[in-house]
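Please look at the model first.

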Amino acid sequence: MSRFDLSRLPVPVIQGGMGVGVSLGNLAGHVAGCGGMGVISTANPGYAEPDFWQDPGAANLRALTAQIRKAKEIAGGMGMVAINAMVATTRYAETVAAAIAAGVDAVISGAGLPLELPGIPGADRVALAPIVSGGKAANTICKLWHRRFSRMPDFVVVEGPLAGGHLGFSREEAEHPRPLEELVGEVCAALEPWRARYGQEIPVFAAGGVFDGADIARMQAAGAAGAQIATRFIATEECDAAPAYKQRMVEAKAEDVRIVKSPVGMPGRALYSPLIRRLETEGRIPPTRCANCLVPCDPAATPYCITRALIEAVKGNWEEGLFFCGANVGRIQGITTVKTLMQQLTTEWQTARRSKP
Ligand SMILES: Cc1cc2nc3c(=O)[nH]c(=O)nc-3n(C[C@H](O)[C@H](O)[C@H](O)COP(=O)(O)O)c2cc1C
């Protein structure tokens with residue numbers, strides 16, 4: 001039985017989860033209100049709480065619950081509200097359970113294989129979606145979920161190497177990307193035997209460099225049900241980041257984008273900024289405090305504190321922030337509203353589908 005009904009999304013668009021604080025309740029709620037899936041990132045949503053550095057666990061859970069309520073209120077029953085939870089974060093299971101208790105419709109989870117996700121309290125009530133980078137990971141997850149939980153993913157996000165934030169690819173693969181359509185085809189093929197076995201659709205959403213409605217139609221022609229789009233949503237009035245972050249997205253050119261090292265242990269894609277320049281020359285910026293947020297991070301050895309760098313970015317601090325963005329950021333022309341962007345994507349998508357040979 002699937003907990004995901006595609007007809008709840010009149011527009012087959014998921015707004016990708018963006019931490020720290022870039023996609024919270026305001027952005028997610030407005031996307032859902034326009035018939036898409038709005039996604040709140042669980043990466044330190046409590047960064048602005050006064051007790052964040054003293055008790056990050058409590059601050060994050062409190063803020064997450066409030067942001068989910070806010071999103072649902074704004075959405076007014078339209079679309080879907082989801083969270084994006086990274087497997088590599090500490091307090092992962094506790095965070096997902098709290099989000100489900102607060103009423104999210106779906107949990108999307110990547111940055112590692114979410115092998116334990118269906119066992120988290122409440123997971124039987126919501127749609128579950130792993131983020132994968134290829135067919136092998138999709139098959140491994142299905143095999144393990146089948147064996148341990150007799151359950152399939154309700155949908156799958158395949159994130160290609162043009163995405164923003166952390167990447168499930170090597171630097172080499174990110175710099176010489178395979179076409180996203182190819183990855184979509186590979187993931188659909190890996191899911192096919194499981195779809196047949198469970199008699200269940202497992203819709204696939206393509207992410208990473210999807211920019212307009214024609215791209216969405218192209219992904220559908222490759223077998224996807226829709227797309228997950230993130231970077232374009234930063235340049236909206238409703239995005240939860242500071243205006244300075246949004247403006248950087250508008251002004252960025254393709255050549256300003258870099259693949260950077262992240263303490264998560266994966267490469268990431270971000271704008272070339274003073275922080276990256278400083279890391280190139282100094283090698284390391286030792287953390288001054290620690291929120292104990294990532295399982296693979298050792299504060300004594302980490303090249304920098306990614307949480308602090310992302311918090312400075314969401315506040316708009318160009319000098320000290322790490323400004324994650326996708327490879328297509330250079331195509332953004334200006335700041336718009338979620339409603340206008342969703343309408344534009346829908347019109348372009350419908351036009352492209354009609355003109356399909
Ligand atoms: C600022 C920013 C922050 C992101 N944070 C997360 C995150 O916390 N967890 C995650 O799984 N993906 C994260 N992503 C990836 C997006 O959810 C999305 O899949 C990807 O960026 C899609 O590509 P696009 O930006 O080209 O549309 C982030 C992306 C950006 C741009």
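A nitrogen atom of the ligand sits 3.1 Å from a polar backbone atom of G19. That is a polar contact, meaning a pair of N or O atoms within 3.5 Å. This is a predicted model, so local features need pLDDT of at least 70, side-chain atom pairs count only at pLDDT 80 or more, and totals for chains, interfaces and linings use all residues. Residues are numbered from 1 along each chain as its sequence is written, and side-chain values use heavy atoms, with hydrogens and water left out.

- A ligand oxygen atom lies 2.5 Å from a side-chain N or O atom of E159.
- A ligand oxygen atom lies 3.4 Å from a side-chain N or O atom of S41.

**Burial and shell**
- Alone, the ligand exposes 600 Å², and the protein buries 96% of that (Shrake-Rupley areas, 1.4 Å probe).
- β3 (80-86) and β9 (226-229) are the elements giving two or more residues to the shell (strands are DSSP E runs of at least two residues, numbered from the N terminus).
- The ligand is surrounded by 23 residues, and the closest are G17, E159, G209, Q228 and T231 (a heavy atom within 4 Å).
- The shell holds eleven nonpolar, eleven polar and one charged residues (Gly counts as polar).

**L113**
- L113 lies in the loop between β4 (106-110) and β5 (127-132).
- L113 counts as partly exposed because its relative accessibility is 36% (buried is under 20%, exposed over 50%).
- L113 touches V87, A137, T140 and I141, leaving out residues up to four places away in sequence (heavy atoms within 4.5 Å).

Conventions:
Polar contact = N/O pair within 3.5 Å; in protein donor to acceptor, adjacent residues only side chain to side chain. Helix = DSSP H or I, 4+ residues; strand = E, 2+ residues; numbered from the N terminus. Buried < 20%, exposed > 50% of the residue type's maximum accessible area, 1.4 Å probe, protein only.
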